[in-house]
Amino acid sequence: MGGGGGGDLREMRARPLGERRVDLHGFCNPSDFQRSPYLSARGNIANIFRGSTEEGYKAYHADKYDEDKNPNGIINFGTSENKLCFDLMSKRLTQTDMNLMEPPLLQYPDWKGHMFLREEVARFLTYYCKAPAPLKAENVIVLNGCGSLFSALATVLCDPGEAVLIATPFYGGITQSVFLYGNVKLVYAYLDSKITGTSTRPFQLTVEKLEKALQDARAEGVTVRALILLNPQNPLGDIYSLSELRDYLEFAKRHELHVIVDEIYMLSVFDESATFHSVLGMDRLPDPQRTHVMWGISKDFAVSGIRFGTLYTENEDVANAVASLCYFHGVCGPVQHKVAQLLRDRDWINQVYLRANHARLKAAHTYVTDELKTLGVPFLNRNAGFFVWIDFRKYLKTGTFEEELLLWRRFLDNKVLLSCGKAFECSEPGWFRIIFADKTHRLQLGMQRIRKVLEEREQEILAEEKEQPCQSDQDGKADSTDEVIFVSRHQEPASAGSSNLGDLIGLLQQQMRSSDWLQKNTAEQFA
């Protein structure tokens, strides 16, 4: 019923790397765009990027859901923001200790950041990354967000036309950051849902896959300078074990690759059963001079509108080269003061903020995944980040990226914005990312709209199958593992008892969806 898209994937992998990176997000083809006579070649490429990646975002901003003013507007489950903690953050950021306006804050700082902030970042990372020895302020650089950091690092580590290695699917904004500024390519290590070879879970990153991608690139004459690791991973939610991290870093050392480790979701691990390991917490780094760690406050502190990212690197040359670009990506003085005050307040972070944030994330994640189970939709069950990686392949008849895009547009037409797998360079059509870090009433309404689209699509496919009864319905189903949760509505009950239990569970879930139970029973009350 939903093909695996093997033809698309084989064709994509067969093309040379240089040709592979033009239609970067699959929303459109560059030939659809009129070349502007007012822009340079680079300007036209930037314009194509803008047009192809912003369609859903533009539609959302033109028709935002508002409970009172625009109840039929678009609900945004596509942008990775935490909308659960505005109350806590607005209260903390408006307390009197945050408001300081001294002359040094109104003047040009050291471009690496004010020393008082860099010292605070070093202490903060030492504590939360469980560093074996105190981290040093002189190794800290502050920029206005991790996107700027990716741009700066790509520019100083690679020459134009060279490449960095990254596993797909991955957060698509990285493409813009490294390509648009520095003209640096991306080489993909393709991950998929099948569990083969040394893999023990779907979409597992292994050294073998990294080796293959690197050798394929070198065979085409592409010079690879660095490896990007996302931990926790966006969009999968994977958290790498210490042994996995060591394997990836050892691989990079063997090939003299820099490693850029993005740990932007490190404090957004919301279940106690999962343990996050920072690269900065490792006893020994295989190649300290080529290991660079990024973090920022936009995700973990639910303030994506405050542009603040930080780099920790022991390589003085890399630090100075990045600092030379901080002139373009600086953080204003008053914000540097606020961030330092926030990071310093360890008691509030531990006792108030993280407790509430993790409880709210867990409750929201549980609600969305329970809905998916009721719908019989497979997904990766993870405990980090704001997103769930969902398998909608059974709703694709032919299993192509064109069909994936049609489904994405259908969700948008029904006023819910999701992210489709092509936006993350996923190799299999039909995977989508949903953001669950949102308030209950928007989650409920958004999931109702998703349910409507899926039920309509299911009826269409059933009608088509009646006309073509020979079609197989087994293609493209998720692997049956503990890692992919799959609860089918169509399963036959094993006995009358289990049937009654299933009916009872279904009835309870229906009552929860149609009542104000979730509003009354908040995560805080449970905590």
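1. **H441.** In this predicted model, H441 sits in helix α15, which spans residues 440-467. Its relative accessibility is 23%, so H441 counts as partly exposed. The cut-off matters here, because buried means under 20%.

2. **D262.** This residue belongs to strand β6, residues 258-262. D262 is buried, yet it has no salt bridge. The nearest side chain of opposite charge is K299, 8.6 Å away. What does D262 touch, leaving aside residues up to four places away in sequence? The contacts are F150, L229, L230, N231 and M294.

3. **Helix α5.** In α5, residues 86-93, the buried positions are L88, M89, R92 and L93. They cover an arc of only 115° around the axis, so they lie on the same side of α5. R92 deserves a look, as an arginine listed among these buried residues. Which helices do the buried residues of α5 pack against? The partners are α12 (333-344) and α13 (346-375).

4. **Aromatic pairs.** The model holds 24 aromatic pairs. One of them joins F124 and Y128: the ring centres are 4.6 Å apart and the planes meet at 40°, so the pair is tilted. F392 and Y395 give an edge-to-face pair, with 5.9 Å centre to centre and 75° between the planes. Both F392 and Y395 are buried.

5. **F124 and Y128 in context.** Both residues lie in helix α6, residues 115-128. They are 4 residues apart, about one turn of the helix.

6. **Charges over rings.** Elsewhere, K422 lies over the face of F401, at 4.9 Å from the ring centre.

7. **Points to inspect.** Look at D262, buried and without a salt bridge. Look at the buried side of α5, where it packs against α12 and α13.

Notes
Residues numbered from 1 in each chain as written. Predicted model: local features only at pLDDT ≥ 70, side-chain atom pairs only at ≥ 80, totals over all residues. Heavy atoms only, no water. Helix = DSSP H or I, 4+ residues; strand = E, 2+ residues; numbered from the N terminus. Buried < 20%, exposed > 50% of the residue type's maximum accessible area, 1.4 Å probe, protein only. Lys, Arg positive; Asp, Glu negative; His and termini not counted. Salt bridge = Lys/Arg side-chain N within 4 Å of Asp/Glu carboxyl O. Contact = heavy atoms within 4.5 Å. Arc of directions from axis to C-beta. Phe/Tyr/Trp six-rings, centres within 6.5 Å; stacked < 30°, edge-to-face > 60°. Lys NZ or Arg CZ within 6 Å of the ring centre and 35° of its normal.
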